[in-house]
Amino acid sequence: EAVATQLEYWNLGARGRDDDGMFQRLAAGESVPLPEFAHDRLVAGTPDDCIEQIFRWYEAVHPEHLLLVLSGPETGPEAALAAIELFGREVLPHLPD
């Protein structure tokens, strides 16, 4: 879903860094590895990966809010609850106030 949304923004003319090559591949139906797509766009990975990425954003722009969309390969209420609990247990305690 995130890929489709970002591709639609790109198709409408929203351009950022040097994303055109990746989005051209997506538009052609090619697969793009998650680390390539996520770089500087999403926070994704293990709890340690997420902590590092959130701190990188924090140091760069000092955001006051963090919007969470917790998802993974599994769906349903149990998976959503597990993702929330994991984030709260493994990531949240390490974030700045």
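A salt bridge is taken here as a side-chain nitrogen of Lys or Arg within 4 Å of a carboxyl oxygen of Asp or Glu. By this rule the protein has 4 salt bridges, and in one of them the side chains of Arg56 and Glu52 meet at 3.8 Å, N to O. The structure is a predicted model, in which local features need pLDDT of at least 70 and side-chain atom pairs count only at pLDDT 80 or more, whereas totals for chains, interfaces and linings use all residues. Residues are numbered from 1 along each chain as its sequence is written, and side-chain values use heavy atoms, with hydrogens and water left out.

The protein contains 5 helices and 0 strands, where helices (H or I, at least four residues) and strands (E, at least two) are DSSP runs numbered from the N terminus. Read from the N terminus on, the order of the elements is α-α-α-α-α. Taken along the principal axes, the C-alpha atoms fill a box of roughly 40 × 35 × 20 Å. Of the contacts with a separation of 6 or more, 31% join residues 24 or more positions apart, a contact being defined by heavy atoms within 4.5 Å. The protein exposes about 7400 Å², of which carbon and sulfur atoms supply 56%; accessible areas come from the Shrake-Rupley method with a 1.4 Å probe, and for residues only the protein chains shown count as cover. Buried residues make up 19% of the 97 residues, with buried meaning under 20% relative accessible area, exposed over 50%, and partly exposed in between (1.4 Å probe, protein chains only).

In soluble globular proteins, nonpolar side chains tend to be buried together. A nonpolar core is counted as a set of buried Ala, Val, Leu, Ile, Met, Phe, Trp, Tyr and Cys residues joined through side-chain atoms within 4.5 Å. The largest such core has 7 residues, namely Leu7, Trp10, Met22, Phe23, Leu26, Val32 and Phe37. Helix 1 (2–11) and helix 2 (20–27) each supply at least two residues of this core, and the largest share, 3 residues, comes from helix 2. Apart from this core lies another, of 6 residues, which include Cys50, Ile51, Ile54 and Val91. When its neighbours within four places in sequence are left aside, Trp10 is in contact with Arg15, Asp20, Phe23, Gln24 and Ala27.

Side chains of opposite charge can pair when their charged atoms come close. Arg25 forms a salt bridge with Glu30, in which the closest N and O atoms are 3.8 Å apart, and Arg25, Glu30 and Glu36 are linked in a network of salt bridges. Arg25 has a relative accessible area of 26% and is partly exposed, while Glu30 counts as partly exposed at 43%. In the salt bridge between Glu90 and Arg89, the closest N and O atoms are 3.4 Å apart.

The loop between helix 4 (47–61) and helix 5 (77–91) contains Leu70, and His62 and His65 lie in this loop as well. Just after helix 4, His62 takes a positive phi of about 45 degrees, and this residue counts as exposed at 52% relative accessibility. His65 is also exposed, with a relative accessible area of 71%; His65 and Glu52 are 13 residues apart in sequence and 17 Å apart in space, C-alpha to C-alpha. Leu70 is partly exposed, with a relative accessible area of 33%, and together with Leu66, Leu68 and Ile84 it forms a nonpolar patch on the surface, with about 340 Å² of accessible area in total. Patches are made of residues with over 30% relative accessible area and no salt bridge, like charges being joined within 9 Å and nonpolar side chains (Val, Leu, Ile, Met, Phe, Trp, Tyr) within 5 Å.
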